[in-house]
Amino acid sequence: MYHANALRLTRLESGIGHLVFDLAGSPVNKFNRQTLDELREVLALVAGSDLRGLLCSSAKSGFIAGADIAEFSSQFRLPASELSAWLAQSQALFSTLAALPIPTVSLIDGQALGGGFEFCLATDYRLATRAAVLGFPEVGLGICPGFGGTVRAPRVMDTQAAVSWIVSGQSHTADEALSAGAIDALVDAQLLLESGIEQIEQALQQPEVWQQGRHARQAALTPGDTGAAACAGVRAALQAAGANPNPAPALVLQLLERSVAVSAAEALAQEIACFVSLAHSDVAASLVGLFVADQQLRQKTRAWAARGKAADRIAVLGAGIMGGGIAYQAALKGIDVQMKDIAQAGLDAGMKEAQQLLGRQVQKGRLSHAQAAEALARIHPTLDYSGFAEVDLVVEAVVEKQAVKQAVLAEVERQVPATAILASNTSTISITALAQPLQRPAQFCGMHFFNPVPLMPLVEVIRGEGSSEQSIASTVATAQRLGKTPIVVRDCPGFLVNRILFPYFGAFAMLLRDGADPRAIDAAMEAFGWPMGPAWLLDVVGLDTAVHAQAVMAQGFPDRMQYDFTSATQWLFESGRLGQKSGAGFYRYTPDAAGRLQKQVDEQALALIRSQQKASRDFTAQEIVDRMMLPLCLETVRCLEDGIVDTAAEADMGLVLGLGFPRFRGGALRYLERQGLAAFCALADALAALGPLYHPTATLRAMAAAGARFHA
Ligand code: T1G
């Protein structure tokens, strides 16, 4: 009856229509403009036909992934009137579906999220397989459902569950959906179509039951009943969770509190107003921007990985925290690992680290005891090079000293097959410099993991001057196989993430020099959205590591990273404070009953810092944020200009994944862009006396003058 790019409609023998979603050229079905246009045509066709009922299903592994998020960035820049009109049109479409004069059934196998779930809610019945995943992820994008979800869900499902699903943004299994009343029945995948036909026949035999359901979904939920009570429960939970920089959960809850008490028609209009105000927020722009950036990054990664070959067998040199973590990660993903160290004690520590990490997976129910034992057996500790003749990739994770790394790399190069790739897990040292003593520099690159390896998703894959495309492609493929998100960057001291982090630490050092209290700096930066402030972060990194890395950065970028004063980090380090690892740094750390380190104020450290300050001085939170964020953002700009990273999207993703840059701010370049490039340069000029870390580049000034942007 209908066959276009996204939708097909066929007439089954029984006179029932079967609508199939199958968007050409896309791995998922989504409501992009074209699909919505086709849906309009199909519904008009159905309304004018003699079909007895309508079944809706998907030809892909998922049902429908919602509205097309890739279209949001441009849509959300539309003025309120145009954005409202788009939503009103889509809502009207779903209302047309809900009002068809025949029974309608969604057959859900796989994900039905956001607009995809809203579609299902507009049909009379929902049958799902065990593979179904349902939910409203919109708040995670800083918005709320916009195709009638806030109106239909509380009227179709258990109201409290509906409110909680919408406000939390979480996805739910088919079983959860059944108990929440989000689906009518769980059905075997092979019987889905047949069950749908039965459901329609049943509705046609009992039209009053079928019609009654529709009528109930148009009404207000009576005040004082489940509607208000449901919202009250969720409000208490939301308040208990504390302040959230993302306004969407609180605003959508406010919307629901109002809209459950009015008619469906009125509630739909209220939903549009809420959606538009959220869509115009900075947070939505950031979160949607990150979704698109992630999509772009994944496309690049796929292209790289397709040209390479993931390692089947790897070796790790150095069984410290990083080496042990990398070995664990590889073993977890089914890869055999030789873990070499020069000391038995090192190997024991590395094995203990892996064992503990696997034990935690068992505790959390993610691995069985047998699976954990199998993974552990994949790690082969060794003091010599046994097994190295069979490896595809060696990750060097020995002490962060150029001469030591060079010697170790030159030695291991003689032990591995000529086809093997060597990768250094250095965090700062130039890959080109490390390649100097190697016979096969083309097969050498950087592979920088972040600590703790199992939790941090980012791996920087670093191209030295001599690294071949093939080595980079295979290292990307291996990082992917390890379950990580690789970003390919060009070589320089610190690469992308640490090159940007160290100017931030430089800003911190200057604030302390100028009289600030480290606790005030941490408080301001945590309020800004960082998971931990810079003093706390330095304690986690280790003050010895930070001092050492700072020296490497100063040598690499003496013009702006060589300081003419001694930093507080250096003072503390010299007084024997190494951060968390020694129990004291900027703060003091004592383990609680569960062995987790608790951070406490350390008067001794504060006294030491004060003794180096000319005078203490209060800075406002805004002053602190400006002084801390400017060098970080400007270094990100320089990395982009120097070609260390290819795109603004990758730079921002790198900071979010590698440093925990607050997601709701979208990354350094988006944050900079939000302030306006000209305003940002003016702020930098006002702080220019602090030194070259605060000086905008000529290109940034030119972009500001031309009104250019980093992100489309
Ligand atoms: N829009 C655009 N692209 C999407 C998409 C979407 N909604 N969902 C998936 N993709 C792309 C994805 O980027 C990837 O692209 C490819 O499809 C395969 O995805 C008005 C406001 C559905 C659980 O937030 O959670 O509806 O890498 O590799 O692991 O109320 O994708 O091939 O270029 O992730 O099987 C709400 C987001 C929108 C769902 C599938 N919906 N997607 O996971 O495959 S807002 C979402 C997901 C909305 C209305 C509102 C997952 C998935 P590429 P994948 P997967």
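## Where the ligand sits

A word on the model: it is predicted, with local features needing pLDDT of at least 70 and side-chain atom pairs counted only at pLDDT 80 or more, while totals for chains, interfaces and linings use all residues. Residues are numbered from 1 along each chain as its sequence is written, and side-chain values use heavy atoms, without hydrogens and water.

## The shell

Around the ligand are 27 residues, each with a heavy atom within 4 Å of it. They comprise 14 nonpolar, seven polar (Gly counts here) and six charged residues. Helix α13 (282–306) gives the largest share, five residues; β6 (111–113) and α4 (115–121) each supply at least two. These elements are DSSP runs, of at least four residues for helices (H or I) and two for strands (E).

A67, G115, E118, E138 and Q295 come nearest. Let's look at three of them, through polar contacts (N or O pairs within 3.5 Å). The side chain of E118 places an N or O atom 2.6 Å from a ligand oxygen. For A67, a backbone N or O atom lies 2.8 Å from an oxygen atom of the ligand, and a backbone atom of G115, also N or O, lies 2.8 Å from a ligand oxygen. Taken alone, the ligand exposes 980 Å², of which the protein buries 80%, by the Shrake-Rupley method with a 1.4 Å probe.

Conventions:
A polar contact is a pair of N or O atoms within 3.5 Å; within protein, one must be able to donate a hydrogen and the other to accept it, and residues adjacent in sequence count only if both atoms are side-chain atoms.
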